[in-house]
Structure formats: structure tokens, C-alpha cells
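Reader: Please show the sequence and the model. I would then like to go through the interfaces, the salt bridges and the fold.

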Amino acid sequence: MNKLLNCVFLGIFVGIISPLFSKPALVMQSDFGTADGEVAVMVGVAHNVDEDLAIYHITHDIPKFNIWEAGYKLWMTAPYWRNDTVFVSVVDPGVGTKRRSVVLKTKNGQYFVSPDNGSLSLVAEAFGIEGVREIDESVNRRKGSEESHTFHGRDVYSYTGARLAAGVITFEGVGPLLKPEVLKIDSPAANLSKDSVTGFIPYIDKHFGNTWSNIELEMFNGLNPKTGERFDVTIKKGDKVVFNREVPYFDTFGEVKIGQPVIFINSRLFVSIALRQGHFAKAHNIESGPEWTISFSRK
Amino acid sequence: MNKLLNCVFLGIFVGIISPLFSKPALVMQSDFGTADGEVAVMVGVAHNVDEDLAIYHITHDIPKFNIWEAGYKLWMTAPYWRNDTVFVSVVDPGVGTKRRSVVLKTKNGQYFVSPDNGSLSLVAEAFGIEGVREIDESVNRRKGSEESHTFHGRDVYSYTGARLAAGVITFEGVGPLLKPEVLKIDSPAANLSKDSVTGFIPYIDKHFGNTWSNIELEMFNGLNPKTGERFDVTIKKGDKVVFNREVPYFDTFGEVKIGQPVIFINSRLFVSIALRQGHFAKAHNIESGPEWTISFSRK
Amino acid sequence: MNKLLNCVFLGIFVGIISPLFSKPALVMQSDFGTADGEVAVMVGVAHNVDEDLAIYHITHDIPKFNIWEAGYKLWMTAPYWRNDTVFVSVVDPGVGTKRRSVVLKTKNGQYFVSPDNGSLSLVAEAFGIEGVREIDESVNRRKGSEESHTFHGRDVYSYTGARLAAGVITFEGVGPLLKPEVLKIDSPAANLSKDSVTGFIPYIDKHFGNTWSNIELEMFNGLNPKTGERFDVTIKKGDKVVFNREVPYFDTFGEVKIGQPVIFINSRLFVSIALRQGHFAKAHNIESGPEWTISFSRK
């Protein structure tokens, strides 16, 4: 009886302490889509490394070969994940060529496994570089995959990310330490002047069409905007004006009529523009990227 | 040796009892799509609350702002999940406006975290209301999210659902008890007359195009239908006849030729109509909603 | 103190041995899409069988009713999963008719739960048949589902697969042993002649458009191809030539200009053809299937 009780207490105790042994999550993204089963192959490889790994996904619908968006999505989702999370990002137009395969450790403790092709530019800048290591493929490559040159997501990135998350290797075990830098993609900074803020369009929410800027709420507040105030919004691609109109500023979409544009602060606290229950970007042929500038001017 | 054996027994014992400590599943749905990574943000938030939570998804491809479908999908999937499951539903056209954020506990023991905008109408009616609580955002809101007004799926719903599933809060901890009711969406009841049954089209299976009615097998059996019998099927939008044709009734699609329509009992035991290996709804421009009526008449 | 230490050691011990008790993964695929929530229903059913099951997905975007692709995807993903994995495949145009529901155990120890409609042809041939059992629906069918004839993915396949993965039943518990064979889909073998290799197109990667052949690298090496060498590529549908052009052979896409075709060895080591950063199959109206032949001839 006493023994049984002991057992029960131990069971409860183990239940309590077992989370302490939880492994970091492995979080994947790619431009592979999910129709072809290649993502399932990457998951299978990771699951083979350690069947207790918790595997999640950002998205696999990054536009093909779009390194800018790969980096932007890492930057916009990583802050919501734990500080030990291992991210695997495979947008890799140069697969099989000389670009390096690296693991970036950021100052917040997260790991990013990716080709060093610009995908890591934004997270390195935003979270700080703790260290960058080149993946040593003599150790951290799936056995038997040597003759394949076109699927490093499976053979190198998922495999290495899983080994890191599972504790099979430490950061040191990834491979040789490189200079603390990653390939950088430049983008224009936002600017506050007396009567306006100017920036660029880093991202368009594909589903709802909301058009984001890189202008932070804090900078926008330099204009002391009032709820309901109308601003002159100008969007240009290079020198060409694509959109120019007065748009009101509100906290939420619900303050304007269905189909009307509204300036709002997006969920990451950047100034953005939307069409209520419509798709602003499609309606006005707006796209994203460093060449797309946007300004909000007081009238 | 004896000690080692003890250890082994305890290990096995723990293996046996640990499921008793399993946490309820957290099951999400939304109209966000999966391309933008917002779902991954909601998952990250939940995983941050408790890294051992098992997180699943109904779908994130609910048509944008379609509250009726949000409710229908909860109703049609919830019965296949355990009685302690926590559902998070985010179809929220009124985000940031005055609609309430609630948790509905149904009489079967399941929890539904959602804006109270009609999404909960069907599950409340079908499973019964055990209690409705308003989410107290002073407690159950992600720290640091106060300035964001457009992503309650992340800041309130996923966060609260995860806390409930993880046992961080009990149902009482959600917030103040409300009157036991949720915002209702009315829909017409099905009817049996001497020679026909009439109802409406609550849902069209998007992928296969099968068109469902709200007429239950039990009511249809009131006509004593025979396998192979042909019925006169009329589908109207309001007063306008959109489809009228004789269609045979069979147990399975395989009984008619490819491309031919068939009346069948769907997987939830409602009378439905399909085109074998075709898309009935697209072929005949049928949509769903309370204004779409359907009748099956004996000839 | 001593006791506490004991507890800690036991906790660690359990942490170490608990993976030994890990259950096989349950891996699903279907042609259901993910918009309608039917996949979530299958997951709910499996989770109800055992809430500790780890459930993964190959894809649910197999073209509707395409049994060939169902089989091809099982064959192309299964090798990356553990030898105890339970696969559930639901591409089932004959649901409710007389086709048998079976579990195939292959010689590598994996299980495949599927209608016996050809979906299992490739894995049976590639991995070898350990045994085939018919699912006994009097035991291995979800209680209360008897009146539904159109969703065996939910009522039979997911339920049986989950029971098998959870250890509720052994392979013997599936149902009666059948002759060790499954319904076969024939496809032409690849051929090496003095100056060319010929085969067919079993699959097109939907997302990137890469067109695969069934010609293995090993056979192709019989031609002693040199990197950069140009081959005459001919693709026919039946007797009709659909594509004929000289294409260079390289290790990686990066060796040709953007928009140019390239012969490469795909990630499963089969000879393939792609358009760098383009969609070869769409550009040239190529599809897959046994009637699509492809040849590579030395000039």
C-alpha cells in the first residue's frame, strides 16, 4: 500500500518535472507548398532524428524564391515563439551552388537554420547576432544523401535543425564559427518630417490585402494623429504614383464603411492601410518590396 | 539490481498513468488562410503558454468574415473531439468594435473561445449551454498587446484558449458569468409533408461540391424512400428556381454513372446531393445559406 | 533528502526511458483538401482513440480520385519515416462499393491503411509484402457510424490506423489475413539502350513544375553522361510528340540561366527536367501518368 502510494506520488512528481525536460520546438517554413509532400519528407526526417520533437510550421506558401519574404516572415513570427526555438527556413533558389548553409543564433537564444542568402538579414538585425556557424555537412547531413543536390531542406536543414532541437548536437556541433554576420538585404528606413511620415511597404497580408509600412506607431505618434483624422496617402513604385487619396485614421476597421479604406496600426504596431472587408492591395495593384514607398501627410 | 527493477516498474507505471495527466487538445479555426503566418503566431502564443499542449486545426480557409460557416464548422467537427476539448474560433469582422469576447462551455464539457458574433449559435443550440463567460482582458490578454486592436486571435482568443487547455485558468478564471445565451443566427427548420421533405442548404463541401441539406435521414425516412427511387429535387434561392430535376437516391456515389447527380445521405446523416466525381454546386451555381431552400418530392 | 534525490533520479530515468514507450506516428494523406474540415474530423477520431498519438500529414491535396498519385506519394514519402509508422491513405472514389478495405504491412515494418484500389501498388512492390489483412468492420469501425456510407476515412481508416498506432490492436487484430497481394497498377519499366534511356513520367512536382522520370541515376550513368553535356529530350503522350529539344545536364539548377531548361537528378535520384525558376510542366503542357513517355538521347 505504502509502495503504491509512493508510486502515485512519483507519477505526479514526474508529471510535474517532465516539462523541464521538454525539447525546444522545431518550426519550419519554405516555398514548397504543401501539395507535393516535400514538407512531409522534411518532417519525417526530423521525426526520425527524435520522435518526441514538437514540429510546427510558419507557412510553406512563401512565394517561390522570394528571399525577402522568407526573412520578413521569420522576423514577424519569431517573437511569439520561445527563446530556445529552432527555426528551419528553406527558400533556396541557389540550392546546390556555393551559397553557405548556416545556423544563426540570435541574442534572444533562438536558432535559425537556413541558406545564408539574405533570409536571415532581418532577424539578425532585429534580434542581434550571438553567433553564426557554417553547417559541417560531413557531420550534419543525412546519411546516404550525398548524390542529391537539389533538396537540402531535407538532407541538411531539417536534419540539422532537428538534431539541434533534440539536443543531439549543441550549437558548437553545427560546424565552424564564422564571422558574426549574415548576407544583408538593404531596405530604406522610415522618416518623420514636420507634417508627414515616409517609409516603404515591406509586406502585404496576402489573405486580407492589408498593406503594411515600416513606419512604427511611435514615429507616427510624432505627428500627433487624431482618431478620425484624414491623411493624404501616397504610394509609389519607384517614381510612379500608384495610389493617392485622403484616408481616415482609426483604431479598427469597423469605424469605416464596408469597402472604404482606412489607416490603422497593424498587429505589429506599424502604420498600415486596409479596405474594410476588401483587399486593398489587389484593388489598387499594390505590391511589396524596398522599391514601394508610402507616405502619410497631414493636410 | 532490485533497485533497477523498481525503476523499470516505475517507468512502466508512469507510462501507464501519464495519459491521465494529458491536457485537453486546443483546436483552432479561422478565416486567416495559412499563407501569411498569422496562424503560426497564434500557435506560438499558445505554445508559449504551455509547451506541452497538443494543438490541432479545423481549417483556416473559412471564407473571409463568414460567421455562418464558422459556426457550421464548429458544429460539424466538435462531436468527433473529446469532451474536454478547447476550440478557438476566430472569424471576427468586428475586431476592435464592441462585440463581446466569450468562452462558451457546452453541456458535453467542450469549450468554445470566440467573439460572440453568431459563430457560437449552432453549437450552443445543438450541445446545450452549460455557461457563458466574458473574457476578462485585464487578466486573459497577452501582456504587451494593449496597443494592438486588430488581432484578438493572437492577443485574446489563442491566449485564453491555451490557458484554459493548459489548466492555468479554470472556466471560472475566464471572466464574469453572462446570461446563458449567445448571439443567435436564425435558420429555417426542415419539414416533412405527405409526399415531400423541404429544408435549406446549410453547407456546400467546397472540395467535392456536395450540397448538404438540413433534412435529417430520420425525417427523410418518413417518406419511406427506396434505394434507386427517383425524387423531384427543387433548389431555390428565395423565390427563384435554380435547379429542378429528377435525381435517384442511392447509398453511395458508385451507383450512378460518372458525372450524374445522386441523392445520398451525407456523413452526418443529412440528405444531400452530389455529382459523381464532379462538383454539383459549381455545375449548377448553387450556394449555401438560409435563403437557399431545397425540396425532395416523391413523383 | 535522500528520498527527494531518489525522486529526481527517477524523474531523469523516466525522461530517458520514456521514448522507448513512444508510439508509432500516424501519417495521413487524402484528396479531401483542408478547407472543409474533414481532415480535422479524421484527426479528432484518431485523437479520441489515443490522445497521445503523434499525427502528421503527407498532403491532402492529392488530385481528386487520383489513385496513381496516392500510391506515388506513399512510395515517395514513406522511406523518410520510421519503420513502425502507420500510414492512412484515403483516395477512395469507390467508397461504399465493394472494394476491400485493407492494411498492408510491408517488409520494412510500416503499415498502410487504405482501400485496396491500386493506392498500395507501388509501396507493395518497392518495400515487399509482409502481409495483407482485410479490415474487419465489425470490430474496427467507429461505433455509431453504421448508417454512413460515404466517409470511410473517418469511420474505418483513421479509426483503424489510430488503433494500430496506439497499440489497441496488433496487426492480427485488423481482421482476416488475405493472399499477400494488392490491386496492381501497371507502369512501363525504364530502358537503357546504347545511346539513350527511355522511361515514363510518374510525377510532376505541382509547385515547381519539375518533371520526373522513372529512370534511375544508376541507369542513366550507363550512358556516362558528362556535366554540361546536351541531350536530345523527347516527351510523348502516346504517339504524339509534345516536347523535343536539346537540354543540358547539370547537377543543379543554378548552372543554367533563369527560364532555361535543365536535366538534373531529382531528390530521389531519378532523371528529371526543370525550368530554372519556372514551371516546366505548365510551360510545355506536360502531365504525368503511364502514357507519358520520355527519352534522353546522346547526340
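**Contacts between chains, then within them**

Reader: How many residue pairs are in polar contact across the interface of chain A and chain B, with both residues at pLDDT 80 or more?

Author: This is a predicted model, in which local features need pLDDT of at least 70, side-chain atom pairs count only at pLDDT 80 or more, and totals for chains, interfaces and linings use all residues. Residues are numbered from 1 along each chain as its sequence is written, chains are lettered from A and ligands numbered from 1 in the order in which they are written, and side-chain values use heavy atoms, with hydrogens and water left out. A polar contact is a pair of N or O atoms within 3.5 Å; within protein, one must be able to donate a hydrogen and the other to accept it, and residues adjacent in sequence count only if both atoms are side-chain atoms. Across the interface of chain A and chain B, the number of such residue pairs is 16.

Reader: Which element gives the largest share of the side of chain A that touches chain B?

Author: Helices (H or I, at least four residues) and strands (E, at least two) are DSSP runs, numbered from the N terminus. On the side of chain A that touches chain B, α1 (2–17), β2 (55–57), α3 (67–77), β9 (203–204) and β13 (261–265) of chain A each supply at least two residues. The largest share, 7 residues, comes from α1(A).

Reader: What area is buried between chain A and chain B?

Author: In the contact (heavy atoms within 4.5 Å), 41 residues of chain A meet 40 residues of chain B. Of the area that chain A buries against chain B, A:Y80, A:R82 and A:H207 supply 21%, more than any other three residues. Buried area is the accessible area (1.4 Å probe) that two parts lose on being put together, summed over both. Carbon and sulfur atoms give 58% of the total between chain A and chain B, which is about 3,500 Å².

Reader: Which residue of chain A forms a salt bridge with B:E51?

Author: A salt bridge is a side-chain nitrogen of Lys or Arg within 4 Å of a carboxyl oxygen of Asp or Glu. By this rule, the interface of chain A and chain B has 2 salt bridges. In the one that involves B:E51, the closest N and O atoms are 3.2 Å apart, and the partner is A:R82.

Reader: What area do chain B and chain C bury between them?

Author: The contact takes 41 residues from chain B and 40 residues from chain C. In chain B, the residues that lose the most area to chain C are B:Y80, B:R82 and B:H207, together 21% of what that side buries. Carbon and sulfur atoms carry 58% of the area between chain B and chain C, which comes to about 3,400 Å².

Reader: Which residue of chain B meets C:E51 in a salt bridge?

Author: Between chain B and chain C there are 15 residue pairs in polar contact, both residues at pLDDT 80 or more. The rule for salt bridges finds 2 across this interface. In the pair with C:E51, the N to O distance is 3.2 Å, and the residue from chain B is B:R82.

Reader: How far apart in sequence are the parts that C:E69 and C:K206 tie together?

Author: The side chains of C:E69 and C:K206 meet in a salt bridge of 2.9 Å, N to O. C:E69 lies in helix α3 (residues 67–77) of chain C and C:K206 in the loop between β9 (203–204) and β10 (211–216), so the parts tied together are separated by 137 residues.

Reader: Is C:K206 buried, exposed or partly exposed?

Author: Buried means under 20% relative accessible area, exposed over 50%, and partly exposed in between (1.4 Å probe, protein chains only). C:E69 has 5% relative accessibility and is therefore buried. C:K206 has 29% and so counts as partly exposed.

Reader: Which side chain of opposite charge is nearest to C:R163?

Author: C:R163 lies in helix α5 (residues 152–166) of chain C. Not counting residues up to four places away in sequence, C:R163 touches C:V49, C:V139, C:N140, C:V168 and C:I169. Lys and Arg count as positive and Asp and Glu as negative, while His and the chain ends are not counted. C:R163 is buried yet has no salt bridge, and the nearest side chain of opposite charge, at 9.2 Å, is C:D136.

Reader: What share of the residues of chain A count as buried?

Author: Chain A has 7 helices and 15 strands, and its C-alpha atoms fill a box of roughly 75 × 60 × 35 Å along the principal axes. Among its contacts with a separation of 6 or more, residues 24 or more positions apart account for 65%. Of the 299 residues of chain A, the share that counts as buried is 60%.
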